[in-house]
Amino acid sequence: MFKPTLEHQDNWGKCKEENVKEYRGHVEKFANLLQEAAASLQKVEELPMPDAKHENIGATSAAFAKAAVESDVVAHFESIVERWCSQTEHMLEEKQPPAKDAEDVGPDSEFDFWRGRMARFNNVAEQLKKPIARVVIGVLTTAKSKILRRWKTCDNGITDALNEAKDNVKYLSTLEKYTEPLKSGTPEQIIEGLPALMNNVKMMLTIARYYSTQEHMTTLFVKITNQMIKTCRKGIEYVDGEKKRLWDQDHEDLLKRLEMSLKLNDAYQELYRVTKEKLQTQPKVKQFDFNESRIFGKFDLYCKRVQKLMDMFTTIVQFSALANNKVEGMEALIAQFFSLVDDFKRKQYDLLDYTKNAFDRDFLEYNVNIAELETMLQGFINASFENITSTEHALTLLKQFETILQRETLKSDLDSKYTVIFHNYGLDLETVQKIYDKQKNLPPTVRNSPPVAGNLIWARQLLRRIEDPMKKFQANKNIMTTKESKKIIKTYNK
């Protein structure tokens with residue numbers, strides 16, 4: 001009743017947007033808790049109790065002894081206890097759902113399972129405290145019934161299961177606030193909260209009585225990983241609260257959000273390993289000896305898909321920039337590229353669904369075609385530089401391509417161009433040196449200019465010819481540290 005009203009509330013007075021968001025989050029969480037409690041009540045086990053005619057048996061030793069000699073009473077009570085045994089044995093055998101490693105199952109399912117289990121066993125324990133239940137056990141104990149051996153095992157099992165559930169709920173409830181950002185936050189916020197989350201998981205491992213088993217802890221980590229993947233995907237697929245195809249999004253913004261998935265995976269695994277190494281310095285405490293391939297395997301697979309998508313959309317950004325810059329002579333190559341992209345857009349599968357390998361097959365074929373286009377592009381770039389004799393013009397063209405080309409293969413090819421241009425610059429220096437030596441005594445000057453001013457203009461032209469390119473070369477540390485560069489720098493400093 002109140003939740004829809006709050007969701008449509010627009011006027012929050014002086015409350016800031018983040019406070020409103022936090023308040024709505026608490027309301028949502030409280031509503032979920034109520035739903036869980038209602039669901040748990042529906043699943044409670046109702047133990048059968050004796051017929052009404054036996055309710056007059058008193059809870060005294062004399063009453064127990066009198067009832068114990070009546071065979072029909074004993075038989076009826078034994079049938080009741082046998083049903084108790086069957087029901088509680090079934091409850092004790094209940095395990096978590098087998099699909100606990102499913103991609104969409106986060107840590108909330110762990111909290112729900114143990115809260116539900118605690119509620120069910122607590123309900124059974126309360127029913128067994130009823131006076132009539134005590135009468136049943138009292139009469140059968142006096143009659144030395146054989147069913148009591150089986151019931152004793154069940155009764156002990158109920159006590160242990162309830163203690164386990166209560167203890168697990170206690171520690172998981174403490175952890176719950178640290179897992180909240182996994183569901184409602186961004187990858188950046190998750191990274192920020194990882195140290196506190198990992199520290200609390202480590203605390204559970206070292207002090208929790210029941211939950212600190214390898215199976216429980218591994219399951220918890222797997223579910224944390226699942227939620228991270230789910231949140232990363234949501235952050236990529238949704239823009240301003242609206243789900244959009246990756247093709248329809250701003251590609252440069254998309255690349256940043258894709259990269260955050262990789263950063264989160266790296267930060268998560270790094271913090272896990274740091275925590276593991278710290279525990280290894282304390283050999284007496286429990287260690288992070290968990291199945292890491294099970295914990296991180298799906299995240300790694302997801303990130304491999306993300307890397308492929310980043311490669312694809314980086315190429316799209318690159319060729320879009322080439323198209324926008326209208327580089328003469330590249331029209332056919334650009335048209336061929338966008339034809340490949342249009343073919344890919346027609347595929348019906350979810351690009352982020354790393355469990356489906358149809359994308360991988362198509363991406364392999366796409367990469368083969370892109371490699372051919374990039375070979376053609378490299379040829380075009382090489383031909384462009386061959387026709388340029390001026391160092392200044394060569395650097396200008398190189399800078400233009402650097403701002404456009406994003407792929408590593410093309411970037412490395414451009415880096416090699418610096419070496420060639422720098423070598424040619426060295427030849428320019430020698431040419432300028434010869435011109436200076438030859439003309440310094442009688443420089444060519446502008447007609448009608450004063451001798452001193454004309455000489456200065458001539459000298460500055462020569463200086464600008466060698467100084468402007470050197471400023472650009474100095475920004476490239478790789479060039480300036482080579483052995484050959486030292487010789488050119490020495491010539492320049494003369």
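Reply: A residue counts as lining a cavity when it has an atom within 4 Å of a grid point of that cavity, a cavity being a set of points where a 1.4 Å probe fits but cannot get out. What follows describes a predicted model.

Me: Which helices each supply at least two residues of the lining of the largest cavity, and which supplies the largest share?

Reply: The largest cavity, which holds about 30 Å³ of space, is lined by Tyr-178, Pro-181, Leu-182, Ile-190, Gly-193, Leu-194 and Leu-197. Both H7 and helix H8 (187-207) supply at least two residues of that lining. The largest share, 4 residues, comes from H8.

Me: How do the residues of that lining divide into nonpolar, polar and charged?

Reply: The lining includes Pro-181, Ile-190 and Gly-193, and Gly is counted among the polar residues under the scheme used here. The division is 6 nonpolar, 1 polar and no charged.

Me: Are H7 and H9 roughly parallel or roughly antiparallel to each other?

Reply: The axes of H7 (residues 147-184) and H9 (residues 214-237) come within 12 Å and cross at roughly 25°. Angles under 35 degrees count as roughly parallel. The two helices, H7 and H9, are therefore roughly parallel.

Me: Which residues in H9 are met by residues in H7?

Reply: H7 passes H9 in a right-handed crossing, and Glu-164, Leu-175, Leu-182 and Lys-183 are the residues on the H7 side of the contact. The residues of this contact divide into 5 nonpolar, 3 polar and 2 charged. On the H9 side, the residues met are His-216, Leu-220, Ile-224, Gln-227, Met-228 and Thr-231.

How values were computed:
Residues are numbered from 1 along each chain as its sequence is written. This is a predicted model: local features need pLDDT of at least 70, side-chain atom pairs count only at pLDDT 80 or more; totals for chains, interfaces and linings use all residues. Side-chain values use heavy atoms; hydrogens and water are left out. Axes are lines fitted to C-alpha atoms, for helices over the stretch in contact, and angles run from 0 to 180 degrees between N-to-C directions. Angles under 35 degrees count as roughly parallel, over 145 as roughly antiparallel, 65 to 115 as roughly perpendicular and the rest as oblique. A crossing is left-handed if the near helix is turned anticlockwise from the far one by less than a right angle, and right-handed if clockwise. Contact means heavy atoms within 4.5 Å. On a 1 Å grid over the protein atoms alone, a cavity is a set of points where a 1.4 Å probe fits but cannot get out, and a pocket is an open set with protein on both sides within 12 Å along at least five of seven lines; lining residues have an atom within 4 Å of a point. Grid points are joined across faces, edges and corners, and a volume is the space filled by probe spheres set on the points.
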